[in-house]
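Dear colleague,

Please find below the structure I promised to pass on, followed by some notes on what was found in it.

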Amino acid sequence: MEHKELGPARFLTPRLDTGSLLRLPRLLRADVHASLVVFLITVPLSAGVAMASGVPVELGLVTGIVGGLLTGLLPGSSIQVSGPAAGLAALVYEAVRTYGLGGLGILVLATGLFQVVLGLLRLGHWFRKVPVAVVQGMLAGTGLVLITGQLYELADADAPGGGLERLGGLVLLVTGTLESPTALTAGAVGVGTMALLALWQRWPRGVRLVPAPLVAVLAATVVASALRLPVDRLRIGDLMTAVQPPDGPDFVRLGQVGVLGTILAFTLVASAGSLLGATAVDRMHDGPRTDYDKELIAQGAGNTVCGILGALPLTTVVVRSTANARAGARTRASRVLQGVWLAVFAALLPWALGAVPVAALAGVLVALGRQLLPVRELGRLWGGHRSEVVVLLATAGAILVTDPFEGAVIGLLLAGAKAGWEATRFRADRERGAQGRADDDQMPLIGRK
């Protein structure tokens, strides 16, 4: 009998039998190892996403803890990891800028409740039907906003509010950086971080078991501290002090049209991104497939708690989910454990983040933003699906110059117009084909070829 060996990206679901009990120690070892790998990635990424979202770093840690301890326990998917995601950073930044940090909790709370209701109505598959070009366009637009915003952080400078202002200020940013030794120093730390991220992929596989973001941020922190470089560091406070549940005036805002639009944007981006991410992660293992309705409920429950705590919204994080699968995770215990490690770190060692240069995290976020740009997909689509490229680029451009909600609406409208045009064209071609066959039937038999 041939035995099939399980690769590092596969997992087993234990059953209550003798064989499973004998395998239990091996499963636990694999899950503990995977959880530690994901935890080491989660710390710098959660802090970086919070920074990019314009909220205290502690709120990013709170969302990561909820994503592990709550969402990780609920059914739906088994391998994917939830937490604060770069794909929502631009939307959160605009929401905080418009409604303040106090309004963030009510937005996330309403988003979570909306997701739970949609999951209970078994509408999870609906989000997977959002045109891929629109989803990729939203991610690409978010990536562009993330990159343009974090370029300012690379030089320890404040980024302008709007997308056009950020683009227009890049020239002044470059000239100002070249004239400032302090800004050049910060820029060197950020560029060095990005270079180490890129070079880490070329090291031997055994060395690459250590997460690249952790290595890059840790190296930048050690160098900046050893040389006492004059760069900005993260400001980290007490975790419980940062938690700000929404109060009465925040609930009154639910009647505002702009607030409802932002909630719909949160729901669309978070839900579609999570469920499409689940589809991608399902391809990495041989275990049970994701139940999309249950996963939507799990994401909604997590966002509901995050909203109550006034924290960032959570969604599936592909970087962490991929790392979890590749590190050998077998059950959902790995994602729960990484939430435990994060909670312990946030409670006992939050001061460790205070030594991290802001420019180093900016470098990591610029690299993440680059990963959100579907460069290879554009090349493949251009050969036979150019209309998809138009929708993708228009969605991304609209998000960059306006905001994520308006960009998503523009993308959905363009996708709808494209689908209507293609349906009309198909109907016309079919009618012409039918008319041609009718004309052939009326031709005399003599002379037909």
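The second largest pocket holds about 530 Å³ of space, where a pocket is, on a 1 Å grid over the protein atoms alone, an open set of points where a 1.4 Å probe fits, with protein on both sides within 12 Å along at least five of seven lines, and lining residues have an atom within 4 Å of a point. Of its 24 lining residues, Met51, Ala52, Tyr93, Gln150 and Glu153 are the closest to the centre, and helix 5 (132–154) gives the largest share of the lining, five residues.

This is a predicted model, in which local features need pLDDT of at least 70 and side-chain atom pairs count only at pLDDT 80 or more, while totals for chains, interfaces and linings use all residues. Residues are numbered from 1 along each chain as its sequence is written, and side-chain values use heavy atoms, with hydrogens and water left out.

There are three salt bridges, each being a side-chain nitrogen of Lys or Arg within 4 Å of a carboxyl oxygen of Asp or Glu. Arg122 and Asp293 form one of them, at 3.7 Å from N to O; because Arg122 lies in the loop between helix 3 and helix 4 and Asp293 in helix 13 (residues 292–308), this pair ties together parts that are 171 residues apart in sequence. Arg122 is exposed at 61% relative accessibility, whereas Asp293 is buried at 5% (buried means under 20% relative accessible area, exposed over 50%, partly exposed in between, with a 1.4 Å probe and protein chains only).

With best wishes

Definitions and conventions:
Grid points are joined across faces, edges and corners, and a volume is the space filled by probe spheres set on the points. Helices (H or I, at least four residues) and strands (E, at least two) are DSSP runs, numbered from the N terminus.
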